[in-house]
Amino acid sequence: MLRYLTLALCLAGPVAAQDFPALYNIVGVASDDTLNVRAKPTSKSPVIAERAHDETYIEVLQLDPSGKWALVNNGEAGQGWLFARYLEAVPGGNFPDWPHMYCGGSESPWGIRFTQGGKSELRQNYEPDGYPLMAGALRTGSEHLTDHGLRAKGDGIEVLISVRKEICHSTMIDAAYGLMSSVFVNGEDESFHQGCCRLMAPPSE
């Protein structure tokens with residue numbers, strides 16, 4: 001599927017040309033219907049999953065060359081394609097502008113959910129409770145402008161997070177993400193993690 005990484009710039013319908021990954025909402029689907037996720041970017045391809053008619057904050061990884069189909073992850077169902085006519089971009093919902101993200105490992109027990117300039121949480125080593133953190137702003141690299149980093153601090157712990165645009169593969173399911181992270185945890189038990197990142201819906205208060 002990664003052969004579709006070159007994106008079409010002239011698109012029809014609600015999906016507009018922009019940087020990916022990016023967040024979209026489903027629009028124009030009847031309330032008693034669902035939007036099919038297909039194995040390949042064609043209406044004749046088998047349906048591998050369904051999305052609710054009003055689902056929001058879906059992370060789109062890329063478009064097919066025609067610009068009519070959007071690639072998304074679907075949990076254990078793997079990657080599949082949504083008909084882009086029924087997708088509408090979330091304002092500001094692309095990296096690095098979107099403030100809400102999650103980074104984690106496919107097999108190793110760690111994950112960090114953060115909001116730029118806001119409340120965040122780190123979990124690692126199968127601990128039942130996470131470490132509450134306050135994250136700073138995401139900074140752009142001084143030379144490599146595709147690299148970004150931020151610092152999050154909590155009680156006796158500091159986390160340095162580097163995020164860059166790079167294809168990142170899950171080792172557990174058929175999924176690939178558009179962002180890769182390196183995370184250094186400085187505290188009583190220092191640790192270093194690498195994994196994939198995705199854009200997330202705003203946290204519920």
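Predicted model: local features only at pLDDT ≥ 70, side-chain atom pairs only at ≥ 80, totals over all residues.

Author: Setting aside residues up to four places away in sequence, E107 touches Y126, T171 and M172. The residue sits in a loop, with β9 (100-104) on one side and β10 (110-115) on the other. Is E107 buried or exposed? E107 is exposed, because its relative accessibility is 52% and the cut-off for exposed is over 50%. E107 can also be placed against G195. The two are 88 residues apart along the chain, and their C-alpha atoms are separated by 9.5 Å.

A137 is partly exposed, with a relative accessible area of 40%. Leave out its neighbours within four places in sequence, and A137 is in contact with G117, G149 and L150.

Next, the charged pairs. Side chains of opposite charge can pair when their charged atoms come close. How many salt bridges does the structure hold? The count is 5. Three of them are worth a look here.

Take E55 and R51. They form a salt bridge, and the closest N and O atoms are 2.7 Å apart. What about cover? R51 has a relative accessible area of 12%, so it is buried. E55 has 24% relative accessibility, so it counts as partly exposed. The line between the two classes is drawn at 20%.

Then E121 and R123. Their side chains meet in a salt bridge, at 3.3 Å from N to O. E121 is partly exposed, at a relative accessible area of 31%. R123 is partly exposed too, at 36% relative accessibility.

Then E158 and R151. Here the side chains meet at 3.2 Å, N to O, again as a salt bridge. R151 counts as partly exposed, with 46% relative accessibility.

Now the rings. The structure holds 4 aromatic pairs. One of them is F20 with Y24, a stacked pair: 6.4 Å centre to centre, with 15 degrees between the planes. Why does this pair count as stacked? The planes are 15 degrees apart, and stacked means under 30 degrees, so the pair qualifies. Both partners are covered. F20 is buried, with a relative accessible area of 11%. Y24 is buried as well, and its relative accessible area is 0%.

Another pair is W69 with F83. This one is tilted: the centres are 5.0 Å apart, and the planes make 45 degrees. The pair links distant parts of the chain, since W69 is in strand β6 (residues 69-73) and F83 is in strand β7 (residues 79-83), 14 residues apart. W69 is buried, at a relative accessible area of 9%. F83 is partly exposed, at 23%. W69 and F83 also belong to one aromatic cluster, together with Y86.

F184 lies in strand β16 (residues 176-186). It is partly exposed, with a relative accessible area of 31%.

Finally, step back to the whole chain. What does its secondary structure come to? It has 0 helices and 17 strands. The C-alpha atoms fill a box of roughly 55 × 40 × 30 Å along the principal axes. The radius of gyration is 18 Å. A compact globule of 205 residues would have one near 17 Å, so the chain agrees with that rule.

Buried residues make up 44% of the 205 residues. Residues 24 or more positions apart account for 48% of them. The accessible surface of the chain comes to about 10,900 Å². Carbon and sulfur atoms hold 50% of that surface.

Definitions and conventions: Residues numbered from 1 in each chain as written. Heavy atoms only, no water. Helix = DSSP H or I, 4+ residues; strand = E, 2+ residues; numbered from the N terminus. Buried < 20%, exposed > 50% of the residue type's maximum accessible area, 1.4 Å probe, protein only. Contact = heavy atoms within 4.5 Å. Salt bridge = Lys/Arg side-chain N within 4 Å of Asp/Glu carboxyl O. Phe/Tyr/Trp six-rings, centres within 6.5 Å; stacked < 30°, edge-to-face > 60°. Rg over C-alpha atoms; globule rule 2.2 N^0.38 Å. Areas by Shrake-Rupley, 256 points an atom, 1.4 Å probe, with all protein chains shown as cover.
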